[in-house]
Amino acid sequence: MMKVTLKKRKVVIVGGGITGLTTAYYLQQKTKAHNLPIDIVLIEASLRLGGKIHTERKDGYIIERGPESFFDTGSSVRKLARDLNIEHEIVQNNNGRTFIAVGSKLHQIPSNILLGGSPKIFTFMTSNVLSLMGKFRAAGDLFLPKLPHEADEAISEFFSRRFGKELVENLVEPVLAGTFAGDVDHVSMQSMFPQFYQLENDYRSLLVGMKKTGKGIYALVDTPGEIHYESFVNGLESLIETLENSLTDVTILKGLKVNCIENNIDYSQSITLNDGTTIDADKVVMTTPFNVTKKIFPDSDIMQQVPEMNYATIATVTMAFKPGTTKKYEGALNFFVSRNSHFAITSCTWSHQKWDNITPDGHELIRVYIGRVGDESIVELSDNEIEKIVLQDLNRAVGLDAQPLFTTVARWKEAMPQYTIGHQLRMTSMKEQFYKEFPNVYLAGSSYEGISIPDCILQGRETAELLLAQLLEQKLAI
């Protein structure tokens, strides 16, 4: 009987953010299940894993320096948490009020307009977010015909067509700028919110479609019913820490940067690191931002032809206060800032009211975003200057006149990719041609098919499944 010798293969994952970690975890688990001889190496340029997910825990406070929560509409985070045995640590936000800052005033808006559930159109139309003329124009959505969608368009163009410019300026733009730091005049509707196209196609009126399906303005809801922000009881980084501890069969290299990746004769990859060493890999998964990936593949004709991606530079500012400091807005969760406001901040969250157990002894925690596309200079100011600007804005917006117990400023340079018009078609075409040049390299992460934590986890899991299927098809045999 002939004995078949299995060749040990090496898979290198570049990037230790949530996409890379998820890919490594599921590849490790599936490799174990199939008893496959695969070496998995994960390379991260910084000295810590997790990318923008970074929780600071001190003196009883849980401070999110990066994202503070997620919408898990497809249950990709919950599935990963279940596989890691930490599903019981998932927590949901408390209910509360949401506001929009227009001019120098805050106006409450129905939270189900944002999060899903059946929007109460009467309540929305009687709010002070829009002028009387703005309300009449927004109500026009009930009567406008649907249009065929042969080409992509900007988010502002789509919502202006349905609801008018005032609603875009006073609701859509501030919510997106405060969440994704996005420029609605250039960000792709097809890539960010394709569900709204489906609503228009199925119901003609978006308001009618939102009422019947329960989809909110975020357009992230795939099933009826209101959804919630979610996190973990000890912060988002609990997920990163558990993932890292679970990668027992993965070699993790921190503090090493990939300078270049080239094809070998057999289409395996030669990976050159910044310390001068090289690694040969049978398969490579790239989870780094597109602009970084583009520099790593100088020999890719198609990647060099694609323009560099725009990214938003932002900062999160978290301030702790004594109990009772923000009584005026008790029960409030957050407010978003419109273009027509007089504030430098783009959004604010009363974190201690949104989440339980993130502050000690009833202390209060306020979290603010600053910076957006076209207004990144504020992020470059010193911590003291940023604190002063934020306190001035909070004083004008909500009457906060206390000094914080402490302030944490976290800057994220080129943090959020901007899916500009044509992004989906551009990335699909680029990937198709890139995979012909580098058939054993996979592209995944926030630059491609979704920037949220659930999107990145889904991409990581699907990449691991695809990679494993190809390795099994090749039978790993000499």
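Predicted model: local features only at pLDDT ≥ 70, side-chain atom pairs only at ≥ 80, totals over all residues.
**Charged pairs, cores and an enclosed strand**

Lys-431 has a relative accessibility of 11% and therefore counts as buried, the cut-off for that class being under 20%. The side chain of Lys-431 meets that of Glu-449 in a salt bridge, with 3.0 Å from N to O. Because Lys-431 belongs to helix H16 (residues 423–437) while Glu-449 sits in the loop between strand S19 (441–443) and H17, this pair ties together parts that are 18 residues apart in sequence.

Elsewhere, salt bridges that share partners join Asp-141, Glu-153, Arg-161, Arg-162 and Glu-200 into one network. Within that group, Arg-161 forms a salt bridge with Glu-200, and their closest N and O atoms are 2.8 Å apart.

Helix H6 itself is mostly covered, for 7 of its 9 residues are buried. The buried positions are Ile-155, Ser-156, Phe-158, Phe-159, Ser-160, Arg-162 and Phe-163, a list that includes the network member Arg-162. Just after H6, Gly-164 adopts a positive phi of about 100 degrees.

In total, the count comes to 19 salt bridges. Another of them joins Arg-78 to Glu-87, where the closest N and O atoms are 3.2 Å apart. Here the two partners are both partly exposed, Arg-78 at 23% relative accessibility and Glu-87 at 24%. Side chains of opposite charge can pair when their charged atoms come close.

In soluble globular proteins, nonpolar side chains tend to be buried together. In this model the largest nonpolar core has 37 residues, and Ile-18, Leu-80, Phe-232, Leu-239 and Leu-243 are those with the most contacts inside it. Several elements each supply at least two residues of this core, namely strands S1 (9–14) and S2 (38–44) together with helices H1 (18–34), H2 (76–83), H11 (237–246) and H17 (453–474). Of these, H17 gives the most, with 7 residues.

Leaving aside residues up to four places away in sequence, Phe-232 touches Phe-70, Val-77, Ala-81, Ile-86, Glu-89, Ile-90, Val-91, Ser-238 and Leu-239. Apart from this core lies another, of 31 residues, with Leu-130, Met-192, Tyr-197 and Leu-207 among them.

A further enclosed element is strand S17 (residues 364–370), in which 7 of the 7 residues are buried, so the strand is largely enclosed by the rest of the structure. Glu-364, Ile-366, Val-368 and Ile-370 point one way from S17, while Leu-365, Arg-367 and Tyr-369 point the other way, and all of them are buried. S17 has two strand partners to trace. Strand S14 (residues 311–321) runs antiparallel to S17 and is joined to it by 7 bridges, with Ala-320 having Leu-365 as its bridge partner. Strand S16 (residues 345–350) is likewise antiparallel to S17, here through 5 bridges, and Ile-345 has Ile-370 as its bridge partner.

Not counting residues up to four places away in sequence, Ala-397 touches Leu-106, Tyr-329, Phe-335 and Phe-343. The C-alpha atoms of Ala-397 and Arg-461, which are 64 residues apart along the chain, are separated by 43 Å.

Leu-132, in contrast, is exposed, with a relative accessible area of 60%, and is found in helix H5 (residues 132–139). Together with Met-133 and Phe-136, Leu-132 forms a nonpolar patch on the surface, and these residues have about 400 Å² of accessible area together.

How values were computed. Residues numbered from 1 in each chain as written. Heavy atoms only, no water. Patch = residues over 30% accessible without salt bridge, like charges linked within 9 Å, V, L, I, M, F, W, Y side chains within 5 Å. Areas by Shrake-Rupley, 256 points an atom, 1.4 Å probe, with all protein chains shown as cover. Salt bridge = Lys/Arg side-chain N within 4 Å of Asp/Glu carboxyl O. Helix = DSSP H or I, 4+ residues; strand = E, 2+ residues; numbered from the N terminus. Buried < 20%, exposed > 50% of the residue type's maximum accessible area, 1.4 Å probe, protein only. Contact = heavy atoms within 4.5 Å. Core = buried A, V, L, I, M, F, W, Y, C linked by side-chain atoms within 4.5 Å. Pairing = 2+ DSSP bridges.
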